[in-house]
Amino acid sequence: MGYLGATHAACMAELGFEVIGLDVDQTKIDSLSRGELPFHEPGLPELLRKHVSNGLLRFTTSYEEVGAWADIHFIGVGTPQTPGDNAADLTYVDAATLSLAKHISKDAFIIGKSTVPVGTARRLKHLVASNKKPQVSIGFAWNPEFLREGFAVKDTLHPDRLVVGVDDERTENVLRSIYAAALENDTPFISTDFETAELVKVAANAFLATKISFINAFSEITETVGGDIRTLADAIGHDVRIGRRFLNAGVGFGGGCLPKDIRALQARVGELGLERSMRFLSEVDAINLRRRDRVVYLAEEMIGDFSGKKIAILGVTFKPDSDDVRDSPALDVAIRLFSSGAEVSVFDPQGNVNAAKRFPRLKYVDSTVQAVEDADLVVLLTEWAEFRNLMPQDIQELVAKRKIIDARNVLDVGIWQGSAWQIAALGHKFDSILVSDAEMTMS
Ligand code: UGA
């Protein structure tokens, strides 16, 4: 009942199925049973409450209960990066599959949704076959998930494609019937083998990560020679073969998926003796991490030694409309500024609580106004709508110095310069956007 599982459970109930959500974490189950979602996802709390109260959706920690009750079991447990290693940690997906196999007491299907290294589904299918009760038949498939945080409900109910790795017709037919509503709307249904299904998922995330690092690598050029990275992205994006989406230059990608998936893919191809084929992904990762260095560098350029300086951080989540701070570039930069001696005041519309759990030593405040009070520098790190729409007059009487870094390339540089702010935006040459008086203070 993490991000993927809870979303899938509520959306399956929305499609009219009776659903039990299982997790080994009793606290999570208690909160979901009360209709309380333990994370932020627009539109999901409403679905959860609706289906908990109409009885279609309930929650348990008992494998025995689901094993005796459900016809179809979806596995959506996490496959995080192994600490100190690039490979995915398969402990949870292995444990969930094994527990299910042992407890299923009527004919049923197991459909894996977690992101896994190629080869896992076939291995788990065998694990199920050798651990199931002899009298039951269990169909098995892998059905990767492509939902984005912030759009999880829409992506689940109206996916842009359905991919299933399956090796028997009966299981494929069950999947077609589960997804009948989407199929009636002509959603592409790609039925393939296990390996292709597993690879489609990591290929998609690797491609997206590469696209972001591609534009960010061009940022490094425009930051040196001048030029406008947004115009460059717009111009190449008009070519439909390239497309404009995922070409937003900035502090780079984070979250619980893209970073760990490109690392897990490299680890897996390494095991297969194919390291060369995915070696470019280590460069994609390196370009991405250099964006964070660039923000710290710009901050130093703008305010010098950090000791005793006040820095306001706008946004700590890995992207807007989420409270997720896993591998968040924004939180990483905030911590680095703090660790280098700055006093750091953070405001995120949804992410303060999770960020404070990971790094309690920053000062977390409840509004932009509180964050920027007396700041020597403002750093916009996550492009929440309220930060995208920020205007100089909203904060300029509050700050100590009119200096801002736009690490997401969403502010209008001209407007800020026009109000006598020193603004540095990723993808722009810093010198070229310096206003003549570098030491602008509050008027
Ligand atoms: C990603 C994929 O987009 C989903 O399709 C996939 O299902 C999911 O991972 C997963 O594997 O579970 P998500 O992690 O929710 O979804 O976030 P994205 O919207 O992909 O954004 C990832 C990161 O890239 C964010 O930090 C975002 O700020 C950054 N980004 C995105 C950019 O820096 N520039 C862009 O142009 C787009």
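Asp193 caps the N-terminal end of helix α10, with a side-chain oxygen 3.3 Å from the backbone nitrogen of Glu195. Helices (H or I, at least four residues) and strands (E, at least two) are DSSP runs, numbered from the N terminus. The model is predicted: local features need pLDDT of at least 70, side-chain atom pairs count only at pLDDT 80 or more, and totals for chains, interfaces and linings use all residues. Residues are numbered from 1 along each chain as its sequence is written, and side-chain values use heavy atoms, leaving out hydrogens and water.

**Helix α10**

Helix α10 covers residues 194–225. Its 32 residues should span 46 Å at 1.5 Å a residue. The expected span is 1.5 Å times one less than the number of residues. The end C-alpha atoms of α10 are 47 Å apart, which agrees. Gly226 follows α10 and has a positive phi, near 90°.

**Ligand site**

The ligand is surrounded by 21 residues, each with a heavy atom within 4 Å of it. The closest are Leu147, Glu149, Lys201, Asn205 and Phe318.

| Residue | Atom of the residue | Distance to a ligand oxygen |
|---|---|---|
| Asn205 | polar side-chain atom | 2.8 Å |
| Asn248 | backbone N or O atom | 2.8 Å |
| Lys319 | polar side-chain atom | 2.9 Å |

**Helix α3 and the cores**

Helix α3 spans residues 44–53, and Leu44, Leu47, Leu48 and His51 are buried in it. Buried means under 20% relative accessible area, exposed over 50%, partly exposed in between (1.4 Å probe, protein chains only). Seen down the axis of α3, these buried residues fall within an arc of 100°, so they line one face of the helix. The arc is taken from the directions from the helix axis to the C-beta atoms. An α-helix has 3.6 residues a turn, so residues three or four places apart point the same way. The buried residues of α3 pack against α1 (3–14), α2 (26–33), β2 (57–60) and α7 (152–157). Just after α3, Gly55 takes a positive phi of about 85°.

The largest nonpolar core holds 35 residues. Such a core is a set of buried Ala, Val, Leu, Ile, Met, Phe, Trp, Tyr and Cys residues joined through side-chain atoms within 4.5 Å. Met1, Leu57, Phe59 and Leu175 touch the most other members. Helix α1 gives the largest share, 8 residues. Leaving aside neighbours within four places in sequence, Phe59 is in contact with residues including Met1, Ile20, Ile29 and Leu48. Contact means heavy atoms within 4.5 Å. A second, separate core of 32 residues includes Phe306, Ile311, Tyr364 and Ala407.

**Two buried residues**

Arg292 lies in helix α13 (residues 280–303). Arg292 counts as buried, at 4% relative accessibility. Its side chain makes a polar contact of 3.3 Å with that of Asp327. Beyond four places in sequence, Arg292 is also in contact with residues including Val251, Phe253 and Arg336.

Ala233 sits in helix α11 (residues 229–237). Ala233 is buried, with a relative accessible area of 1%. Not counting residues up to four places away in sequence, Ala233 touches Ile215, Arg244 and Leu247. Ala233 and Pro159 are 74 residues apart in sequence and 26 Å apart in space, C-alpha to C-alpha.

Conventions:
A polar contact is a pair of N or O atoms within 3.5 Å; within protein, one must be able to donate a hydrogen and the other to accept it, and residues adjacent in sequence count only if both atoms are side-chain atoms.
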